[in-house]
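This briefing is meant for a reader meeting the structure for the first time. Please keep the sequence and the 3D view at hand while reading.

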Amino acid sequence: WKWRGELYMATRADVKSIMNEMESDNRRYNQKDRDTGEVKRVPWKELREKERTAEINKAVRDFSQRAYRRVKSSIYEDKTDIVCQRENSFYVDTVRMFRDRRYEF
């Protein structure tokens with residue numbers, strides 16, 4: 001079967017340099033307070049993990065668009081993984097349910 005992968009155009013070195021730039025002390029990011037709903041500007045170290053990930057994704061998208069003129073590239077790879085149906089309970093249960101619906105014991 002063919003696997004289709006969507007990859008960002010930015011390389012690992014690009015992402016590392018973006019992250020180093022984001023961690024610098026002079027940059028501030030918007031963070032919404034959970035209790036009051038107030039938006040305040042905080043440094044990188046005070047952001048939650050989910051917000052950090054979102055900021056990194058946004059920066060990598062912007063960089064890829066500016067540097068490579070597109071955000072993602074698609075690659076196709078031939079995969080030959082075979083799942084043993086006897087060891088996977090999903091297949092066994094599905095066959096049993098189908099069998100039990102057809103026959104009355």
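The points below are grouped by topic, beginning with the largest pocket.

The structure is a predicted model. Its largest pocket has a volume of about 220 Å³, and helix α2 gives the most to the lining of that pocket.

**The largest pocket**

- Two helices, α1 (residues 12-22) and α2 (residues 49-68), each supply at least two residues of the lining of the largest pocket.
- The contribution of α2 to this lining amounts to 6 residues.
- Among the lining residues are Ser 17, Ile 18, Glu 21 and Met 22, together with Arg 27 and Tyr 29.
- The lining also includes Glu 55, Lys 58, Ala 59, Asp 62, Phe 63 and Arg 66.
- By residue class, the lining divides into 6 charged, 5 nonpolar and 1 polar.

**Aromatic pairs**

- Another edge-to-face pair is made by Phe 90 and Tyr 91, with 5.5 Å from centre to centre and 70 degrees between the planes.
- Phe 90 has a relative accessibility of 53%, which is over 50%, and therefore counts as exposed.
- Tyr 91 has a relative accessibility of 30%, between the 20% and 50% limits, and therefore counts as partly exposed.

**Gln 31 in strand β2**

- Gln 31 is placed in strand β2, which covers residues 29-32.
- With a relative accessibility of 7%, under the limit of 20%, Gln 31 counts as buried.
- The side chain of Gln 31 is joined to that of Glu 51 by a polar contact of 3.3 Å.
- Apart from neighbours within four places in sequence, Gln 31 is in contact with Glu 38, Val 39, Lys 40 and Val 42, among others. Its contacts also include Glu 46, Leu 47, Arg 48 and Glu 51.

**Asp 14 in helix α1**

- Asp 14 is found in helix α1.
- The relative accessible area of Asp 14 is 15%; because this is under 20%, Asp 14 is buried.
- A polar atom of the Asp 14 side chain lies 3.1 Å from the backbone nitrogen of Thr 11.
- When neighbours within four places in sequence are left aside, Asp 14 is in contact with Phe 63 and Tyr 68.
- Asp 14 and Glu 49 are 35 residues apart along the chain, and their C-alpha atoms are separated by 20 Å.

**Exposed loop residues**

- Asp 25 lies in the loop between α1 and β2.
- A relative accessibility of 62%, over the 50% limit, is why Asp 25 counts as exposed.
- The C-alpha atoms of Asp 25 and Trp 44 are separated by 7.7 Å, although these residues are 19 residues apart along the chain.
- Arg 69 is located in the loop between α2 and β4 (residues 72-78).
- Arg 69 is exposed, with a relative accessible area of 67%.
- Most residues other than glycine have a negative phi. Arg 69, which is not a glycine, has a positive phi of about 65 degrees.

Notes
Residues numbered from 1 in each chain as written. Predicted model: local features only at pLDDT ≥ 70, side-chain atom pairs only at ≥ 80, totals over all residues. Heavy atoms only, no water. 1 Å grid on protein atoms, 1.4 Å probe; cavity = no way out; pocket = protein on both sides within 12 Å on 5 of 7 lines; lining within 4 Å. Points joined across faces, edges and corners; volume = space filled by probe spheres on them. Helix = DSSP H or I, 4+ residues; strand = E, 2+ residues; numbered from the N terminus. Nonpolar A, V, L, I, M, F, W, Y, C, P; charged D, E, K, R; others polar. Buried < 20%, exposed > 50% of the residue type's maximum accessible area, 1.4 Å probe, protein only. Polar contact = N/O pair within 3.5 Å; in protein donor to acceptor, adjacent residues only side chain to side chain. Contact = heavy atoms within 4.5 Å. Phe/Tyr/Trp six-rings, centres within 6.5 Å; stacked < 30°, edge-to-face > 60°.
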